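Hi,

Here is the structure I promised to pass on.

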Amino acid sequence: MRILALTLDLDDTLWPVLPALERADHAVDAWLQQHHPDVARAWPVPAMRELRAKVAVDRPDLAHDFSTQRQLTLEHAFASCGIASAPVDTLWEIYFAARNSVEFYPDSLAALARLNARWPIASLTNGNADLERVGIHKHFDHHVSARNTGAAKPDPRIFLAAAKLLGVAPENILHIGDDAQLDVVGAREAGMRTAWINRHRLPWPANLGDAPDLDLPDMTALAHWLETRHPTA
């Protein structure tokens with residue numbers, strides 16, 4: 001395994017995403033309660049989440065674009081209350097700021113700095129995390145998102161888009177992520193090597209085919225493995 005570059009998932013690999021999403025939903029709800037109480041009463045957080053799920057089903061063409069899904073959800077919520085022009089920009093900024101206020105796993109930042117000191121890294125995500133807002137953009141050479149690529153993991157196209165930006169053949173790229181299917185199977189289908197950050201030490205799902213090249217408990221273990229096996233990039 002000759003590794004010349006890395007691609008790295010963000011949500012649930014470097015930080016747990018659910019707490020950030022919870023904060024974001026409740027920040028939007030708090031603003032609605034203050035400025036549009038009728039909308040807040042009609043669409044409390046659970047109902048707004050159900051509406052977003054319906055938008056996702058109704059708009060399969062937006063499966064790769066979580067941001068637009070959420071913006072359409074807000075428009076629908078306001079329209080149902082007889083308000084034709086929803087303050088989407090204001091609400092999106094509230095949501096986006098909270099969504100990018102993440103709490104890193106204890107091992108993430110130090111390991112990320114170690115990795116970027118030796119290898120070029122492209123972030124590769126289906127979500128809408130913003131590297132600058134999160135504060136880790138200096139560790140990445142490229143940012144590849146499903147929204148900008150038009151394809152979401154496990155579609156090989158998003159992985160190949162990252163390989164093209166990195167200027168490295170897929171077989172010389174190690175993709176790192178927490179999701180067995182989205183990250184490991186997707187990267188494998190694109191011809192990349194794979195590292196599964198398996199924090200809960202789960203067994204590899206037999207129905208997903210070959211196990212990943214690396215099955216590791218955290219980012220520190222990954223950095224150690226790479227530095228030991230590849231003393232120079």
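This is a predicted model: local features need pLDDT of at least 70, side-chain atom pairs count only at pLDDT 80 or more; totals for chains, interfaces and linings use all residues.

Residues are numbered from 1 along each chain as its sequence is written, and side-chain values use heavy atoms, with hydrogens and water left out.

**The two pockets**

How do you find a pocket at all? Rolling a probe the size of a water molecule over the atoms shows where empty space is left. Here, on a 1 Å grid over the protein atoms alone, a pocket is an open set of points where a 1.4 Å probe fits, with protein on both sides within 12 Å along at least five of seven lines, and lining residues have an atom within 4 Å of a point. Points are joined across faces, edges and corners, and a volume is the space filled by probe spheres set on them.

Back to that second largest pocket, which holds about 300 Å³ of space. It has 19 lining residues, and D25, M48, R49, R70 and Y95 lie nearest its centre. At least two lining residues come from each of α1, α3 (45-58), α4 and α5. Which of these helices gives the most? That's α1, with eight residues. (Helices are DSSP runs of H or I, at least four residues, and strands are runs of E, at least two, numbered from the N terminus.)

The largest pocket has a volume of about 380 Å³. It is lined by 21 residues, and the closest to its centre are D11, F66, N126, G127 and L182. The helices α1 (17-35), α4 (66-80), α5 (88-99) and α10 (180-189) each supply at least two residues of this lining. By class, you'll find seven nonpolar, four polar and 10 charged residues there.

**The whole chain**

Zooming out, the protein has 11 helices and six strands. Its radius of gyration, taken over C-alpha atoms, is 19 Å, close to the 17 Å from the globule rule (2.2 Å times the number of residues to the power 0.38) for 233 residues, so it is as compact as a globular protein of that length. The C-alpha trace spans about 60 × 35 × 30 Å along its principal axes.

How much of the protein is buried? Of its 233 residues, 48% count as buried, where buried means under 20% relative accessible area, exposed over 50% and partly exposed in between (1.4 Å probe, protein chains only). As for contacts (heavy atoms within 4.5 Å), 61% of those with a separation of 6 or more are between residues 24 or more positions apart.

- S67 sits in helix α4 and is buried, with a relative accessible area of 4%. Leaving out residues up to four places away in sequence, S67 touches W92, N128 and R147.
- W196 is in strand β5 (residues 193-197), and W196 is buried too, at 4%. Its C-alpha atom is 23 Å from that of T149, 47 residues away along the chain.
- D155 lies in the loop between α8 (146-149) and α9 (156-166). At 22% relative accessibility, D155 is partly exposed. D155 and G186 are 31 residues apart in sequence, but their C-alpha atoms are 6.0 Å apart in space.

Most residues other than glycine have a negative phi, and most peptide bonds are trans.

- K153 and P154 are joined by a cis peptide bond, with omega about 15 degrees. P154 is in the loop between α8 and α9.
- D12 has a positive phi, near 70 degrees, and isn't a glycine. You'll find D12 in the loop between β1 (5-8) and α1, partly exposed at 29%.
- R201, also not a glycine, has a positive phi of about 55 degrees. R201 is in the loop between β5 and β6 (214-216) and is partly exposed, at 44% relative accessibility.

Happy exploring!

Technical notes
Ala, Val, Leu, Ile, Met, Phe, Trp, Tyr, Cys and Pro count as nonpolar, Asp, Glu, Lys and Arg as charged, and the others, Gly among them, as polar.
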